[in-house]
Amino acid sequence: MTVPPLSQRTRMRLAMLAAMATLGTLAACVGAPAGSTSSMPEASTQAPAVSSQGRAAPMETLSAPRLSPVYWLGERDSTVYLYRQYTKPEDQGDPVTTAIKYLTEKQPSDPDYFNLWSKASRIGTSISSGNVITVDISADAFSRRVDAGLAERAIQQLVYTATAAASSSGLLSPNTPASVEILVDGHAGYNAFGHVTLSGPLQRDASLQAPIWIIDPQQDAVLTAGKITIHGVSATFPGGTRWLLKKEVAGKATRVDGGSLTVGAGQLADNEYQMSTDLKPGTYTLAVWGQKQNDAKRLSQDSKTFTVK
C-alpha cells in the first residue's frame, strides 16, 4: 500500500526530530523514530472566534453498506482537530472492529490529515444495551511517542471512530448518549501514549471536532459531469463561511465558482451547508473556510480535490 504523505505544514509542525528526511517518513513508519516525539503546534493567539452553534458532536446517521466512518487528525489554526472520512475497509465481522482496525493500520487519503496510531495485533469490541462500546485493544497500538495534546486527540480519534461506526450501522439505542470504554490487553487503567489514563467510559469531546468540514465531495472522489452537490458542516463565524472552487486548466488552478455559504438553511441542521453547481469534466479543488468580521484571513479551511468525468 502506498501511504499518503503528511502535508508539509503538518510535518514541519509535528516533527520534532530535525533529521526527518522525507514527507512520508512520519506517516509511513509504524513506530516513531528513536528519540523523536510528535507534538502539538504552539498555541496561537489567532484562534478562530466561533459561536457554540454547530459545536455539538452529533452521531452519524445510517450510511451505505460497506462504508465505514473513520476519524483522522488535521492541523488548522495552530491546533489539531478531528476530521471524518468514509472508507471501504475489509470487513472484520462487525462494523466497530472493522473501523478501528482500519484506523490503527492505515493513513488518510487526504494529504491534509494524518494518523499517529500503530497497528494493533488484537482488537475486540462489544456494545452494551446502554450504548457503552467496549474496545479491548493490544498495547502495541500505542507505540508512537506523542505529547499530551496529541495523546488526548488520538484517544478521541478512537472514541469518535467507534461511536461513528456503531451509529452509522444502526447498533446504538436511541436517546441514550454513546460512550467508549477502552481496555488494553483486557485491563482498565492503561496509561495511553504515556499521557492519558484510560479509567472509564469516554464520550466525544465536541471541542476537538473541526469547526469546518467538507462531507461531499470526498477526497479523490470521481463524479459524473453535471450538477454536483457540495455538502458539509460549519460553526458560525462572525465574518461568515466562504467557499472557492478551482479547476486545473493547462497546469494552472483557475477559479470557476465561489462565494458565501449559508449555514442552516431550509431543512438542514443548524451547522450544515449545502449547494449545487454544474461542472464539466476536469480536476477540481474545493476549499471552504470561515472568517472574522472585516477580516479576509481564512480560518479552519478544509479542502478536497476530486475529478469530474
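Proline 217 is found in the loop between E9 and strand E10 (222-223), where helices (H or I, at least four residues) and strands (E, at least two) are DSSP runs numbered from the N terminus. The peptide bond that leads from aspartate 216 into proline 217 is cis, with omega near 0°. This is a predicted model, in which local features need pLDDT of at least 70 and side-chain atom pairs count only at pLDDT 80 or more, while totals for chains, interfaces and linings use all residues. Residues are numbered from 1 along each chain as its sequence is written, and side-chain values use heavy atoms, with hydrogens and water left out.

**Overall chain and confidence**

- The protein chain has 4 helices and 16 strands, and buried residues (under 20% relative accessible area, with exposed meaning over 50% and partly exposed in between, for a 1.4 Å probe and protein chains only) make up 49% of its 309 residues.
- Mean pLDDT, the predictor's confidence in each residue from 0 to 100, is 85 for the protein chain, and 83% of its residues reach 70 or more.
- Over residues 1-35 the pLDDT is below 50, although this stretch has 62 contacts (heavy atoms within 4.5 Å) in the model beyond near neighbours in sequence. Where pLDDT is low, the predicted coordinates should not be read in detail.
- Among the contacts in the protein chain between residues at least 6 apart in sequence, 67% join residues at least 24 apart.

- Isoleucine 155 is in contact with Trp117, Phe142, Ile182, Ala192, Phe193, Val196, Leu198 and Leu202, leaving aside its neighbours within four places in sequence.

**Helix H3**

- Helix H3 is mostly covered, with 8 of its 11 residues buried, among them Val96, Ile100, Tyr102 and Leu103.
- The buried residues of H3 pack against E1, E2, strand E4 (123-127), E5 and H4.
- At the start of H3, a side-chain oxygen of aspartate 94 reaches to within 3.0 Å of the backbone nitrogen of valine 96.

**Aromatic pairs**

- A search of the whole structure finds 9 aromatic pairs, counted where rings of Phe, Tyr and Trp (its six-membered ring) have centres within 6.5 Å, with planes under 30 degrees apart called stacked, over 60 edge-to-face and the rest tilted.
- Tyrosine 284 and phenylalanine 306 form a stacked pair, at 5.7 Å centre to centre and with 15° between the planes.
- This pair links distant parts of the chain, since tyrosine 284 lies in strand E15 (residues 282-290) and phenylalanine 306 in strand E16 (residues 299-308), 22 residues apart.
- Tyrosine 284 counts as buried, at 2% relative accessibility, and phenylalanine 306 counts as buried at 2% relative accessibility.
- Ring pairs also link Trp117, Phe142, Tyr190 and Phe193 into a cluster.

**Threonine 241 and serine 234**

- Threonine 241, in strand E12 (residues 241-249), is buried with a relative accessible area of 4%, and serine 234, in strand E11 (residues 226-234), counts as buried at 1% relative accessibility.
- A polar contact of 2.9 Å joins the side chains of threonine 241 and serine 234; such a contact is a pair of N or O atoms within 3.5 Å where, within protein, one must be able to donate a hydrogen and the other to accept it, and residues adjacent in sequence count only if both atoms are side-chain atoms.
- Not counting residues up to four places away in sequence, serine 234 touches Pro211, Ile212, Thr241, Val263, Asn271 and Tyr273.
- The C-alpha atoms of threonine 241 and tyrosine 273, 32 residues apart along the chain, are separated by 9.3 Å.

**Backbone exceptions**

- Most residues other than glycine have a negative phi, and most peptide bonds are trans.
- Asparagine 175 has a positive phi of about 65° although it is not a glycine; asparagine 175 sits in the loop between H4 and E6 and is exposed, with a relative accessible area of 82%.
- Phenylalanine 193 has a positive phi of about 55° in the loop between strand E7 (191-192) and strand E8 (196-197), and phenylalanine 193 is buried, with a relative accessible area of 7%.
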